[in-house]
Amino acid sequence: MTVASTTQLKRPIWHTVVILTLGLWLGGSLLLDWVIMPSLYVSGMMTQPGFTSAGYFMFWNFNRIELLSAALVLTGVLALGKSQLYHANLAWKAAILSSLLLAIALINTYFLTPNMCAVGMPLNVFESVQEIPSVMNQLHAGYWLLEVVKLSVGGTLLVWCFRQKAEVS
């Protein structure tokens, strides 16, 4: 009886976790930023009186998912950095980039979203003409800047993970 054994290099589970988490997180961000929010804006939903609380609820949930995703990516990158399969030079760069992703998620969750909600809440329900405060435009500019950085950094990490996967295979 002949037994054929094949030895193959097993990829760490963290590698798959990081790729899937980054893919879902960045895909969700693109869906929210380029599909959901523009469609709400075009449909006139943003001018409705209850939009601020509805937007806060939507972003509150998404921000918590972002925090979980950022923590999972950072944990995965740190675990992969200890693996013998990954280059030390790439491991510390990936750790810095994933820490930046976590910082962006923290800023969005604990600074931008609460401040946007506070600025957008109507204080006088009898006032019919509501203008967008200039502070809101500044907060939106900060949000979009962080989104561009997040998508760039997340895309870079995703490319690095795919390249590492190709080298490991």
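Where is the place of Ser83? I looked Ser83 up and found it in the loop between α2 and α3.

**Entry: ground rules.** I am working from a predicted model, in which local features need pLDDT of at least 70, side-chain atom pairs count only at pLDDT 80 or more, and totals for chains, interfaces and linings use all residues. Residues are numbered from 1 along each chain as its sequence is written, and side-chain values use heavy atoms, with hydrogens and water left out.

**Entry: overall fold.** I went through the secondary structure of the chain and noted four helices and zero strands. Read from the N terminus, the order of elements is α-α-α-α. For these labels, helices (H or I, at least four residues) and strands (E, at least two) are DSSP runs, numbered from the N terminus. I then looked up burial, where buried means under 20% relative accessible area, exposed over 50%, and partly exposed in between (1.4 Å probe, protein chains only). The chain has 169 residues, and 35% of them count as buried. I also checked contacts, a contact being heavy atoms within 4.5 Å. Among contacts between residues at least 6 apart in sequence, 83% join residues at least 24 apart.

**Entry: α1 against α2.** Helix α1 covers residues 13-42 and helix α2 covers residues 51-81. I read their packing angle as about 160 degrees, with the axes 9 Å apart. Axes here are lines fitted to C-alpha atoms, for helices over the stretch in contact, and angles run from 0 to 180 degrees between N-to-C directions. The two helices α1 and α2 are therefore roughly antiparallel. On that scale, angles under 35 degrees count as roughly parallel, over 145 as roughly antiparallel, 65 to 115 as roughly perpendicular and the rest as oblique. I logged the crossing of α1 and α2 as left-handed. A crossing is left-handed if the near helix is turned anticlockwise from the far one by less than a right angle, and right-handed if clockwise. By class, the contact of α1 with α2 holds 19 nonpolar, seven polar and one charged residues. In this sorting, Ala, Val, Leu, Ile, Met, Phe, Trp, Tyr, Cys and Pro count as nonpolar, Asp, Glu, Lys and Arg as charged, and the others, Gly among them, as polar.

**Entry: α2 against α3.** Helix α3 covers residues 88-120, and its axis comes within 9 Å of the axis of α2, crossing at roughly 165 degrees. That angle makes α2 roughly antiparallel to α3. The crossing of α2 past α3 is left-handed. I noted 19 nonpolar, nine polar and two charged residues in the contact of α2 with α3.

**Entry: Glu147.** I found Glu147 in helix α4, which covers residues 134-168. Is Glu147 buried or exposed? Glu147 is buried, because its relative accessible area is 2%. Leaving out residues up to four places away in sequence, Glu147 touches Ser29, Asp33, Glu66 and Asn108.

**Entry: other single residues.** Gln138 is also in helix α4, and at 56% relative accessibility I put Gln138 down as exposed. From Gln138 to Met116 I read 9.8 Å, C-alpha to C-alpha, across 22 residues of sequence.

Leu68 sits in helix α2 and is exposed, with a relative accessible area of 59%. The C-alpha atoms of Leu68 and Ala105 are 9.2 Å apart, while the two residues are 37 apart along the chain.

I went back to Ser83, which counts as buried at 19% relative accessibility. Between Ser83 and Arg11 there are 10.0 Å in space, C-alpha to C-alpha, and the two are 72 residues apart in sequence.

Ile19 belongs to helix α1 and counts as buried because its relative accessibility is 12%. Ile19 and Val159 are 140 residues apart in sequence, and their C-alpha atoms lie 9.2 Å apart.

**Entry: cysteines.** How many disulfides does a search of the whole structure find? I got zero disulfides, a disulfide being a pair of cysteine sulfur atoms within 2.5 Å. I also looked up Cys117, which is buried with a relative accessible area of 14%. Cys161 is buried too, with a relative accessible area of 9%.
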